[in-house]
Amino acid sequence: MDILEQKVRTLVSDKDAIYRLLTFEKDRRGLSSKELVFVGTATVAMYHWCPTKSYMLSRINELKYFTIYLQDRILYSYRLGYINEIPGKLEEKVLDIGNNITLKDVEKILKEKSVKLEEQLKSNITSWTGEEGYKVTVIERSLAIIHYGSIKLAYINPTLKYSVRKKFELKAEELNALIVDFDSFPPKIRGIVLEAMIKEKYPTVRWNFEWNKYVIVAEPDGLTEDIVYEFKTTKNMRTYGEIFKAAEAQADIYGYFFRRKRKKIQTYILSENKLLTINENINKGHAEETLASFLKIDKCREFLKPEKWKCKICELRNKCPAV
Ligand code: SF4
């Protein structure tokens, strides 16, 4: 990491400074500090799951999205050669960095990332260490080995054919790892491991877009010249329909902002061990409708009557104004 990247890290880790910059930025835009401005695409699209949740999570996460916005504008400006230093004095000058970045520039960064991804894909092994101390290694997108202290567990890609599965069972034995099913798997890493195994690999890039009073941070799961790719996992067919509505809106918003024509949405359904794939044109009208609906709930704060089964599994139920 070079000096400028270190400086950006220091800046974004100072929550008070970031909060001051957020207030200053809203003021520059002629908005009150209470106005919701910086939001994320996934949270906005969650409107189709529960409008109240979409609004509440957007409020809770505004500082996070503003931080991402600021960080991307500075680091991309540096990568693109528009700056080589961060001004010593904060406020206006820092907030002005990135004003000249165009979508063409962002596409350039996406191209660089595509080249890096091709290199990474040549290796059949992915590994990482989670914050909780788990060490995870995924081999050939088929076998995950999880080390936690003296425990060594193995989880095999559930979509594999029987004959291929056998090969990885032997590999797990060779590595002295105990094969476990999905439910015995440490919950915190279930989703990440499934993604590492099943989600298709495409390059992607993160950028932010202005719509009405909002700055919307967008980072699809994949972005090629033609398509937006979105991947979800869900428990069963009952939740699938609702998850899909939000995923579809999310992909449409990405396509609308990044100007892509098509979307590919894949949803892995755990109870059925099924991967459903939908390929369709981007529906710009649907993207705009979703954004407008979100704006409406932000302005009116009329929280709709909740669907009880969703509330039962919702982490916000104790502070929700709609229940
Ligand atoms: S508790 Fe129910 S209404 Fe409230 S945010 Fe959660 S799902 Fe939505």
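Predicted model: local features only at pLDDT ≥ 70, side-chain atom pairs only at ≥ 80, totals over all residues.
**The chain as a whole**

The chain contains twelve helices and twelve strands. Its C-alpha trace spans about 65 × 50 × 40 Å along the principal axes. For 323 residues, a compact globule would have a radius of gyration near 20 Å, and the value for this chain, 21 Å, agrees with that. Of the 323 residues, 29% are buried. Contacts between residues at least 6 apart in sequence were also examined: 60% of them join residues at least 24 apart.

**Helix α5**

Helix α5 covers residues 62-79.

Which residues of α5 are buried? They are Y65, F66, T67, I68, Y69, L70, D72, R73, I74, Y76 and S77. An α-helix has 3.6 residues a turn, so residues three or four places apart point the same way. The cover over the buried residues of α5 includes helices α1 (3-13), α2 (15-28) and α7 (103-121). Strands β1 (38-40), β7 (207-211) and β8 (214-218) are also included in this cover. After α5 comes G81, which has a positive phi, near 85°.

Another open sheet has four strands in the order β9-β10-β11-β12, and its pairing is mixed. Here β9 (222-223) and β12 (274-281) stand at the edges, each with a single partner strand, so one side of each lacks a neighbour in the sheet. In the pairing of β9 with β10 (residues 227-234), G222 lies opposite Y229 of β10. Strand β11 (residues 262-269) is paired with β12, where T277 is the bridge partner of Q266. These two strands, β11 and β12, form a hairpin with four residues between them. In the turn of this hairpin, N273 has a positive phi of about 50°.

| Strand pair | Sense | Bridges |
|---|---|---|
| β9 and β10 | antiparallel | two bridges |
| β11 and β12 | antiparallel | eight bridges |

**Around the ligand**

There are 13 residues around the ligand, and C50, P306, C311, C314 and C320 come nearest. Which helices each supply at least two residues of this shell? They are α4 (51-60) and α12 (308-312). Helix α4 gives the most to the shell, with three residues. By type, the shell has nine nonpolar residues, one polar residue and three charged residues.

Key
Residues numbered from 1 in each chain as written. Near = placed C-beta within 6 Å. Nonpolar A, V, L, I, M, F, W, Y, C, P; charged D, E, K, R; others polar. Expected span 1.5 Å × (residues − 1). Buried ≥ 20, exposed ≤ 12 C-beta atoms within 10 Å, placed from the backbone. Contact = placed C-beta atoms within 7 Å. Pairing = 2+ DSSP bridges. Rg over C-alpha atoms; globule rule 2.2 N^0.38 Å.
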